[in-house]
Amino acid sequence: MSLQYAIEKQVALAAVRRACALTSAVFNKLVKQETLTKDDKSPVTVADYSAQAVVNTILGHAFPTDPIVGEEDANDLRREEADKLRNRIVELANEALTADLGIGDIAEWGIGPGQERTLEELLDAIDRGNDQGGRVGRRWTLDPIDGTKGFLRGGQYAVCLALIVDGDVKLGIIGCPNLPVKSEEPEGQKGCIFAAVKGQGVEQMTISGANPTPIVIPPVAPGMLNLLESVEAAHADLSFNGRVSELLGITRPPTQMDSQAKYGCLVRGDGGVYLRMPTKAGYREKIWDHASGSLLVQEAGGVITNSLGQPLDFGLGRTLGANYGIVAAGRDVHALVLAAVQKARAEELEKAKA
Ligand SMILES: Nc1ncnc2c1ncn2[C@@H]1O[C@H](COP(=O)(O)O)[C@@H](OP(=O)(O)O)[C@H]1O
Ligand SMILES: [Mg+2]
Ligand SMILES: [Mg+2]
Ligand SMILES: [Mg+2]
């Protein structure tokens, strides 16, 4: 009997691998003037659009009735003045879609030599990502480049794809083209993919899908605990993290890193805690920023909650709803961290009253 979600996992891995190859290629010949600015002021590059086109094309081919909650849409691309960008996207997406078959790839998924798509097909594929999410049914969520700022800096970023069924994350893939395969060899081979399936654990493999190896969060040696956090001060309250570290007696400096690569690092034991508290009232976390990572944590034997200790809810729509932050850690340390977070929060409220 084949394992549940085996086909979905293979297809999702194929899609993420091709998107990772594309984003690496774009970075290597990054043409910065092609960076657009979206309304939310985050940089969106030709790579975000092309990667979403590639992943959605493959999903659309393999699972034509599955909706997709994707970060990007093609509205700006359909504007007349975006013709140069459109041409680049067609070129890049087709290069990725038609590359030779790799490990586990099957031509019936619409990939491999000769499977070019037209501009219209690719724009429609990007717009397949317009699902609004929800409690009932099966849907994918995609962040074609998570950590856009890290990508532009040449730092960490991730291609993140997850399958959600009735609000529950069943499959999560995080492709990290710039992450060292072994944390103890930061200048060694780079590029890994993390894949988790509900009830089946987490694997780390190379960026080409070779050498899948099961991983679990190792127990943290005393004094070795440290925080994983955003590089961007606008994305997480880093001074709050400082106070939590103090309360926990953590002496090691935090590891700052863009994207869901942080979840990959957490599950393989590079830093024992991922803490992300809101910086401004009103920002709602997006499901594509945490769906894959949350399953990774749980399947690697960790715990992920908000700062009230409640589970994250992926059935609310495109966001996680009211934002009480995110606390992820190994099972043995999560309760300690949560207590420190709540104490630091109480101190803040006290100070605000005074
Ligand atoms: N004010 C805010 N608070 C929290 N997250 C934010 C934010 N503004 C943007 N983000 C999200 O933070 C993500 C990056 O997280 P990190 O800081 O961990 O790298 C961005 O993903 P994208 O880069 O895909 O747009 C974006 O969705
Ligand atoms: Mg963005
Ligand atoms: Mg993101
Ligand atoms: Mg993104």
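Q: Which residues is L248 in contact with, leaving aside its neighbours within four places in sequence?
A: This is a predicted model. Contacts of this kind show what a residue packs against beyond its own stretch of chain. L248 is in contact with L225, L336, V337 and A340, once its neighbours within four places in sequence are left aside.

Q: In which helix is the place of L248?
A: L248 belongs to helix α6, which covers residues 238–248. L248 and V333 are 85 residues apart along the chain, and their C-alpha atoms are separated by 10 Å.

Q: Is L248 buried or exposed?
A: The idea is to count C-beta atoms around the residue; 20 or more within 10 Å make it buried. L248 is buried because 21 other C-beta atoms lie within 10 Å.

Q: Which residues of helix α4 are buried?
A: In helix α4 (residues 119–127), the buried residues are L122, L123, A125 and I126. To read their arrangement, look down the helix axis. Seen that way, the buried residues of α4 fall within an arc of 155°, so they line one face of the helix. The elements that cover them include α2 (46–62) and α3 (83–97).

Q: How is the chain divided into domains?
A: There is a domain 1 (6–215) and a domain 2 (227–353). The centres of domain 1 and domain 2, taken over C-alpha atoms, are separated by 24 Å. Across the boundary, 38 residues of domain 1 are in contact with 29 residues of domain 2.

Q: Which element gives the largest share of the side of domain 1 that touches domain 2?
A: That share comes from β6, with six residues. By class, this side of domain 1 has 18 nonpolar, 13 polar and seven charged residues.

Q: Which residues come nearest to ligand 1?
A: A ligand site can be read as a shell of residues. Around ligand 1 there are 19 residues, of which G147, T148, S230, H235 and D258 come nearest. β4 gives the most, with three residues. By class, the shell around ligand 1 holds three nonpolar, eight polar and eight charged residues.

Methods:
Residues are numbered from 1 along each chain as its sequence is written. Chains are lettered from A and ligands numbered from 1 in the order in which they are written. This is a predicted model: local features need pLDDT of at least 70, side-chain atom pairs count only at pLDDT 80 or more; totals for chains, interfaces and linings use all residues. Helices (H or I, at least four residues) and strands (E, at least two) are DSSP runs, numbered from the N terminus. A residue is buried if 20 or more other C-beta atoms lie within 10 Å of its own, exposed if 12 or fewer, and partly exposed in between; C-beta atoms are placed from the backbone. Two residues are in contact if their C-beta atoms, placed from the backbone, lie within 7 Å. A residue is near a molecule or strand if its C-beta atom, placed from the backbone, lies within 6 Å of it. Ala, Val, Leu, Ile, Met, Phe, Trp, Tyr, Cys and Pro count as nonpolar, Asp, Glu, Lys and Arg as charged, and the others, Gly among them, as polar. Domain bounds come from an automatic or database domain assignment. The arc is that of the directions from the helix axis to the C-beta atoms.
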